[in-house]
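Biologist: I would like to go through this model and ask what stands behind each description. Please give the value and the cut-off each time.

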Amino acid sequence: MSIVTLQLGQCGNQIGLEVFDALFSDAHYPQGLCSKRENEAYQASCKERFFSEQENGVQIARAVLVDMEPKVINQTLSKAARSGQWKYGQHSCFCQKQGSGNNWAYGYSVHGPRHEESIMNLIQKEVEKCDSLSGFFIIMSMAGGTGSGLGAFVTQNLQDQYSNSLKMNQIIWPYGTGEVIVQNYNSILTLSHLYRSSDALLVHENDAVHKICAKLMNIKQISFSDINQVLAHQLGNVFQPTYSMEGSFHYRRNPLGIDWQVRPPVTGHPTLGKMSLSKELHFNTSIANLVILRGKGVRSVDLGGFKDPALYTSWLEPDNAFSVWKTQRAFNKYEKSAALVSNSQFLVKPLDMIVGKAWNMFASKAYIHQYTKFGIEEEDFLDSFTLLEQVIASYCNL
């Protein structure tokens, strides 16, 4: 079962490079704390998911690269090729800017429709190389300008053309201090559009990853490359196959191997009335938690705490909300590693903050003209606000 990765914009291409580098390094790490047979099966599974192979033995990433200009893509292709062990194919698209600036609306309303055919053709070519398509993994910025708008457009097209394949978007939550003056507008537009078209959003916060680099890794001058490598290792730990103790790989009914509920209960579940965010959330009530353990000592790890009913919403039993994957095969150079993927209230406060800041700007009509001139009307903003307020209320009511 193969995964096609879409690297969209500067953020998506730079992170995607590190992800494939981490996946390849892990798959070919000589000492995985398991038997030779198990290691060979692990390598074969990784290759099937993420790479295809040329006649000369060089592995080709199953990926489509898209950006507004050739510079970042050329750098990405060059860095991958220099490894001599894996590289990207020729599936890349340069959507040339024409004086648009860094504008979400231009990416969604102009670049997307203008280059739709060429982008979707490249995706189709990559899909046709898969014996069996699992789904799509889309890496993109949430708050960036043209790239995040284009990413929302491409994800919508994937939903239309590949409705039976899972679409998972990995998005980078912007720094709280701000990178782009209209990042809150871009964020609410991106999130509301992806909520309608994506099957899952896998969120990483720049501030949290920055803290990992500073406090856990003691990096004094943190670069985007440092941050991207941390992201890549976290993603690799989640997406690499888990080899069961009984001697077979887990292939789950969910196409990307991710088996947790991904959408909040906007309708169809008990509602308790809207909770004010001024009421402190004592802990993060969860819809689902997934723990992934790799390496030495996974048999003896006590995970009983994750089955505490207090962690979960009242209408879910812990046995239905908690999953654990274990494998003695270590990830990359780490003797043991653990990853937690949680669908919980963790992002309620950051989301509410972004929505609030965007609303304050919108109420004063700040920068709205940058969007309306490319077809994103005030009604589109209002729709986005309404949807995200529903999401916030639903999570608060867990």
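Predicted model: local features only at pLDDT ≥ 70, side-chain atom pairs only at ≥ 80, totals over all residues.

Biologist: Why are α1 and α3 called roughly parallel to each other?

Modeller: The axes of helix α1 (residues 9-27) and helix α3 (residues 70-82) cross at roughly 5°. Angles under 35 degrees count as roughly parallel, and α1 and α3 are therefore roughly parallel to each other. Their axes come within 10 Å.

Biologist: Which residues in α1 and α3 meet?

Modeller: On the α1 side they are Q10, N13, Q14 and L17, and on the α3 side V72, I73, T76, K79 and A80. The residues of this contact divide into 4 nonpolar, 4 polar and 1 charged.

Biologist: What makes strand β4 mostly covered?

Modeller: Strand β4 (residues 63-67) has 5 of its 5 residues buried, where buried means under 20% relative accessible area. A63, L65 and D67 point one way, V64 and V66 the other way. In a regular strand the side chains alternate between the two faces of the sheet.

Biologist: How do you know that β1 and β4 pair?

Modeller: Two strands pair if there are at least two bridges between them; strand β1 (residues 2-8) and β4 have 4 bridges, in the parallel sense.

Biologist: What makes β2 and β5 the edge strands?

Modeller: The order of this open sheet of 3 strands is β2-β3-β5, with mixed pairing. β2 (51-53) and β5 (86-88) each pair on one side only, and they are the edge strands. Neighbouring strands of this sheet are turned by 35° against each other on average, direction ignored. Strand β3 (residues 59-61) and β5 run parallel and are joined by 3 bridges; A61 stands opposite Y88 in β5.

Biologist: Which helix lies across β2 and β3?

Modeller: Helix α2 (residues 36-50) does, running at about 100° to β2.

Biologist: Why is S165 called buried?

Modeller: The relative accessible area of S165 is 12%. The cut-off is under 20%, so S165 is buried. S165 is placed in the loop between α5 (146-161) and β8 (166-173). Leaving aside neighbours within four places in sequence, S165 is in contact with L133, S134, G135, F136 and D199.

Biologist: Why is I354 called buried?

Modeller: I354, in helix α10 (residues 348-363), has a relative accessible area of 6%. That value is set against the cut-off of under 20%, so I354 is buried. The C-alpha atoms of I354 and Q183 are separated by 8.8 Å, and the two residues are 171 residues apart along the chain.

Biologist: How do you know that the reach of helix α8 is close to the expected one?

Modeller: Helix α8 (residues 224-239) has 16 residues and reaches 22 Å from its first C-alpha to its last. The expected span at 1.5 Å a residue is 22 Å. The buried residues of α8 include D226, I227, L231 and F239.

Methods: Residues numbered from 1 in each chain as written. Heavy atoms only, no water. Axes fitted to C-alpha atoms, helices over the stretch in contact; angles between N-to-C directions. Helix = DSSP H or I, 4+ residues; strand = E, 2+ residues; numbered from the N terminus. Parallel < 35°, antiparallel > 145°, perpendicular 65-115°, else oblique. Contact = heavy atoms within 4.5 Å. Nonpolar A, V, L, I, M, F, W, Y, C, P; charged D, E, K, R; others polar. Buried < 20%, exposed > 50% of the residue type's maximum accessible area, 1.4 Å probe, protein only. Expected span 1.5 Å × (residues − 1).
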